[in-house]
Amino acid sequence: MSFKDWSCVTTLAPEPASSRAARHVVADWCIAQGLIGDVVDTLLLLTAEVVTNAVVHGRSEVVLQLGRHGSRVRVGVADENTRLPLRRESDPDALDGRGMALVEALADAHGVEVQPLGKVVWFDVTTHLAPVRSARASA
């Protein structure tokens, strides 16, 4: 499965508000793709977690990428830091530290691609639906 041709690429500032901006981008993209239901909630949650990690640990602009191959959606989040994300055991009372655990639990696949100037953390979520026409195209 190849995701060389992302259908949506957005650059976000290295600031906390980028997590919210990323959720809006993903929500709009899902509407355009005709995706609804729990899969959208999962995409929004995992995107927010991975973008937050990139902002906090990447300390650079964040590039959000979205693509679809059949019933599988891939989200990629790139930053300029080559340090790989680690799943850590978090204090149950802590307000953070659960992002990668959520990705592991909810994504159908996930990984990291190291690049010359950073990395892309990606995850896939299966929609369980055949590809659909864009909602905008049918209007």
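These legends accompany several close-up views of a predicted model.

**View 1. The largest nonpolar core and its contributors.** This core has 29 residues, and Leu43, Leu64, Val77 and Phe123 touch the most other members. Two or more residues each come from strand E1 (8–12), H1, helix H2 (38–58), strand E2 (62–69), strand E3 (72–79), helix H3 (99–106) and strand E5 (118–126). H2 gives the largest share, with nine residues. If you centre on Leu43, look for its contacts beyond four places in sequence: Val26, Cys30, Val73, Val75, Phe123 and Val125.

**View 2. Helix H2 from end to end.** H2 is built from 21 residues. From its first C-alpha to its last the helix reaches 29 Å, close to the 30 Å expected at 1.5 Å a residue. Follow the chain just past H2 and you come to Arg59, which has a positive phi of about 55 degrees.

**View 3. Ser18 in helix H1.** Ser18 belongs to H1, which covers residues 18–33. Its relative accessibility is 3%, so Ser18 counts as buried. Not counting residues up to four places away in sequence, Ser18 touches Leu12, Ala13, Val51 and Val55.

View 4. Side chains of opposite charge can pair when their charged atoms come close. Here Asp124 forms a salt bridge with Arg74, with the closest N and O atoms 2.6 Å apart. Asp124 lies in strand E5 and Arg74 in strand E3, so this pair ties together parts that are 50 residues apart in sequence. Asp124 also meets Arg72 in a salt bridge at 3.4 Å, N to O. Because Arg72 too lies in strand E3, that pair links parts 52 residues apart in sequence. How accessible are the partners? Asp124 and Arg74 are both buried, with Asp124 at 1% relative accessibility, whereas Arg72 counts as partly exposed at 22%.

**View 5. The salt bridge of Asp79 and Lys119.** The structure holds three salt bridges, and one of them brings together the side chains of Asp79 and Lys119 at 2.8 Å, N to O. Asp79 sits in strand E3 and Lys119 in strand E5, so the pair ties together parts that are 40 residues apart in sequence. Asp79 counts as buried at 6% relative accessibility, and Lys119 counts as buried at 5%.

**View 6. A nonpolar patch on the surface.** Leu84, Val112 and Val114 form this patch, and together they have about 260 Å² of accessible area. Val114 is part of strand E4, residues 109–115. With 56% relative accessibility, Val114 counts as exposed.

Note on methods: Residues are numbered from 1 along each chain as its sequence is written. This is a predicted model: local features need pLDDT of at least 70, side-chain atom pairs count only at pLDDT 80 or more; totals for chains, interfaces and linings use all residues. Side-chain values use heavy atoms; hydrogens and water are left out. Helices (H or I, at least four residues) and strands (E, at least two) are DSSP runs, numbered from the N terminus. Buried means under 20% relative accessible area, exposed over 50%, partly exposed in between (1.4 Å probe, protein chains only). Contact means heavy atoms within 4.5 Å. A nonpolar core is a set of buried Ala, Val, Leu, Ile, Met, Phe, Trp, Tyr and Cys residues joined through side-chain atoms within 4.5 Å. The expected span of a helix is 1.5 Å times one less than its number of residues. Patches are made of residues with over 30% relative accessible area and no salt bridge: like charges are joined within 9 Å, nonpolar side chains (Val, Leu, Ile, Met, Phe, Trp, Tyr) within 5 Å. Accessible areas come from the Shrake-Rupley method with a 1.4 Å probe; for residues, only the protein chains shown count as cover. A salt bridge is a side-chain nitrogen of Lys or Arg within 4 Å of a carboxyl oxygen of Asp or Glu.
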